[in-house]
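Colleague: Could you walk me through the labels in your model and tell me what stands behind each one?
Modeller: Gladly; have a look at it first.

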Amino acid sequence: MKKSLLLLAVGFVMLATAACQSSSNSTASSKSESAMTSTNESESSSKEEAKGTRIIKDQLGFDVELPPAKDIKRIAIHKLLPLPSVYAVYKGGNVDGLISMPPDSLNAAKNSILAKYAPDILNVSIDYYKGGELNMEELLKLKPDVVFYAGGEEERQQFVNAVIPAVGFSTVTPNGPNTIETLNAWISLMEQVFEEGSKVTGITEYAKEAQDEINKRLADIPEDQRKKVLMIGHYSSTNFTLGGFSDYWISATGGINVGKGTQGNVNMEQVYSWAPDIMFISTLSDFFPEDFYNNTTVEGADWSGVPAVINKQVYKFPLGMHRWWPPSTDAPLSLWWIAKTTYPEKFEDINMDEKIKEYYKKFYGMDLTEEDVNSILNPVKGVGRTYY
């Protein structure tokens, strides 16, 4: 009996010893793995610090390795037509760092107030994008420190292959197309890239105040008395689409979007079934109200029976710092203009000429003349979209 108890005790001691050794080995192993992970992270961080680079996440979800902000002095912009104007305002009118941009951005600048605000933008190269295609050889000649672009993996990969840091910008927010939110997101991303704030602030707050006031004025309009609105984004002999921002603009200004959910090209049969009360044409198209009134848009298109045309309720979007249709720093003014144009009786006290003058003085430090305001509200022909 004593012998059995002795053997049992010895067994317990051996088991305890083994458990301790196992626990000790496990702890040691865990510490070793933790140390290795920490070392690897430290080494990775040290390598980035040694190179002087940093990692940011762009709007397309990609991690982008960038040089120090102080070394980003040459910026190229690809595909995003409004972004050069937003960059110009972000920099307070100084566009020395902008070396390349889309031809259609330059075309808009030549025919807009932007040329007066940031005259050097007219000297920015467009040679990288001739004949409707990106020429990487021409872009590399410009030696960009970073490219701002729109698109997806295919666009990104061409810059990766060329070893050019590329930051992806998007025109769509988590809440869908919204020009104000998009503008904010673009400025926020620029702040990460340049590690400095925008030279122009307060536009977001102004937009919110404008939207609140517009909502109050339109609140008592019954649903069945709301205007049926058609907004045309692109319109040419081969292309007739409503564009991604129609629903935002129309819903923000109290209208009913007759083309809501429509994808791709639109035909006249659809337009007649919608019977819009009022129509807006973006400055991405070179058609004007008179083209609809005179039935001189595209061959085979008969607009004569559309209510908005019959009642001469067709309007051309303005062109300020950029086209007022896509995201731009003039977006809050576009809210006022669309709301007043759609429901003039609700905004009789709103003088758009004065609104524009006040806005440009407040945010751009510009004293506009009557001629300047007229040029914004009545854009010239020839500023339509050529590429993309």
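Modeller: Let me start with a term: a polar contact is a pair of N or O atoms within 3.5 Å, where within protein one must be able to donate a hydrogen and the other to accept it, and residues adjacent in sequence count only if both atoms are side-chain atoms. The model is predicted, with local features needing pLDDT of at least 70 and side-chain atom pairs pLDDT 80 or more, while totals for chains, interfaces and linings use all residues. Residues are numbered from 1 along each chain as its sequence is written, and side-chain values use heavy atoms, with hydrogens and water left out.

Colleague: What makes the pair of asparagine 257 and aspartate 247 a polar contact?
Modeller: Their side chains come to 3.3 Å, and the cut-off is 3.5 Å.

Colleague: Why is asparagine 257 called buried?
Modeller: Its relative accessibility is 13%, and buried means under 20% relative accessible area (exposed is over 50%, partly exposed in between, with a 1.4 Å probe and protein chains only). Therefore asparagine 257 counts as buried. Its place is in strand E12, residues 256–257; strands (E, at least two residues) and helices (H or I, at least four) are DSSP runs numbered from the N terminus. Leaving aside neighbours within four places in sequence, asparagine 257 is in contact (heavy atoms within 4.5 Å) with Val229, Ser246, Asp247 and Ile250.

Colleague: How do you know whether arginine 54 is buried or exposed?
Modeller: Arginine 54 has a relative accessible area of 13%, so the label is buried. This residue lies in strand E1 (residues 54–57).

Colleague: Which side chain makes a polar contact with that of arginine 54?
Modeller: The side chain of glutamate 195 does, at 3.5 Å.

Colleague: Why is helix H13 described as largely enclosed by the rest of the structure?
Modeller: Because eleven of its twelve residues are buried, including Trp336, Trp337 and Ile338.

Colleague: What span does H13 reach, and what is expected?
Modeller: H13 (residues 331–342) reaches 17 Å from its first C-alpha to its last, close to the expected 16 Å; the expected span is 1.5 Å times one less than the number of residues.

Colleague: And how much of the whole chain is buried?
Modeller: Of its 388 residues, 48% count as buried. The chain has 15 helices and 14 strands.
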